[in-house]
Amino acid sequence: MPNSFHDQVITILPKLRVQALALTRNRAAAEDLVQDAVCNALSAQASFIPGTNFPAWMHRILRNRFISNLRKRRDTTDIDDVPASTFATEAPHEDRLALKDLGKAMTRLPADQREALVMVVVQGMSYEALAEATDCAVGTAKSRVFRARRQLEAWLIGDTPERSDDRAAAARASMLSRALDAQIADARRGHRVA
Amino acid sequence: MTGANDRPPGERSQPGSTGRRKVDSAFDLWLQRGLHKIFDDVANEPVPDELRKLIEDDREA
């Protein structure tokens, strides 16, 4: 039967993985978290009301499981003591360094902001959907994304845009802009070839 | 922060200086691409057999 409860679980797995990695900052922990969340969802499937928002229900289960795990481990583990290589990527070009910086900066963001930013920017979730999935007000969801983006800009460009007189900020903004132009040019060349 | 967080990053168009808008816009696009590079691989990985079996076993139960 298409779109059964189990089909919906399988369909949402990629998004759960992304959410789990955003929360845990660790691939192995993210896999464990997804598996735990799926187990919880299967056990609680009778409580899901068909026709209601399945993705939001599933994202909330994963989030609650993360919080529950965090509480259990708090006594023995420093959750912020995570290697900066957690979000390491295999980017091939000169932007590898900038991506490495982005990966490091992401690990420094609070978990709720990191999760919100990734769900909106990577998964294309609306603020309303994010609010439902993370069990908060729409204003809170917007604020988390805004603060995450603002904080990353401050760390990666060097400061907030108000300080445009800052030479380092201007230089890094220029570097980002050049990297972006190169990527756009590459993409256009790719389209022409295709 | 009025209105500054009304649109997801990548869709920002705030009032202010042209220079600031350019930096914001370039940063948002770069951030969007960077996050996709970091997270898309994870999303595209195949479902582990153990997890798939867990779901299928429950379906058949």
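Tutor: A helix here is a DSSP run of at least four residues, numbered from the N terminus. The model is predicted.

Student: What makes Ala154(A) part of a helix, and which one?

Tutor: Ala154(A) sits in helix H7 of chain A, which spans residues 138-157.

Student: Why is Ala154(A) called partly exposed?

Tutor: Buried needs 20 or more other C-beta atoms within 10 Å, and exposed means 12 or fewer. Ala154(A) has 15 such neighbours, so the count falls in between and the residue is partly exposed.

Student: Now the loops. Where is Arg25(A)?

Tutor: Arg25(A) is in the loop between helix H1 (5-24) and helix H2 (27-43) of chain A. Its phi is near 65°, a positive value in a residue other than glycine.

Student: Is Arg25(A) buried or exposed, and how do you know?

Tutor: Count the neighbours. Arg25(A) has 23 C-beta neighbours inside 10 Å. The cut-off for buried is 20 or more, so Arg25(A) is buried.

Student: What about Asp135(A)?

Tutor: Asp135(A) lies in the loop between helix H6 (127-133) and H7 of chain A. Its phi is positive too, about 60°, although Asp135(A) is not a glycine.

Student: What makes Asp135(A) count as buried or exposed?

Tutor: Asp135(A) has 12 C-beta neighbours inside 10 Å. Exposed means 12 or fewer, so Asp135(A) is exposed.

Student: How do you know whether H2(A) and H2(B) are roughly parallel or antiparallel?

Tutor: Take the axes of H2(A) and of H2(B), residues 49-60. They come within 11 Å and cross at roughly 5°. Angles under 35 degrees count as roughly parallel, so these two helices are roughly parallel to each other.

Student: Which residues make the contact?

Tutor: H2(A) supplies Gln35(A), Val38(A) and Leu42(A). H2(B) supplies Leu51(B), Leu54(B), Ile55(B) and Asp58(B).

Student: How many of the contact residues are nonpolar, polar and charged?

Tutor: The contact of H2(A) with H2(B) has 5 nonpolar residues, 1 polar and 1 charged.

Definitions and conventions
Residues are numbered from 1 along each chain as its sequence is written. Chains are lettered from A and ligands numbered from 1 in the order in which they are written. This is a predicted model: local features need pLDDT of at least 70, side-chain atom pairs count only at pLDDT 80 or more; totals for chains, interfaces and linings use all residues. Axes are lines fitted to C-alpha atoms, for helices over the stretch in contact, and angles run from 0 to 180 degrees between N-to-C directions. Angles under 35 degrees count as roughly parallel, over 145 as roughly antiparallel, 65 to 115 as roughly perpendicular and the rest as oblique. Two residues are in contact if their C-beta atoms, placed from the backbone, lie within 7 Å. Ala, Val, Leu, Ile, Met, Phe, Trp, Tyr, Cys and Pro count as nonpolar, Asp, Glu, Lys and Arg as charged, and the others, Gly among them, as polar.
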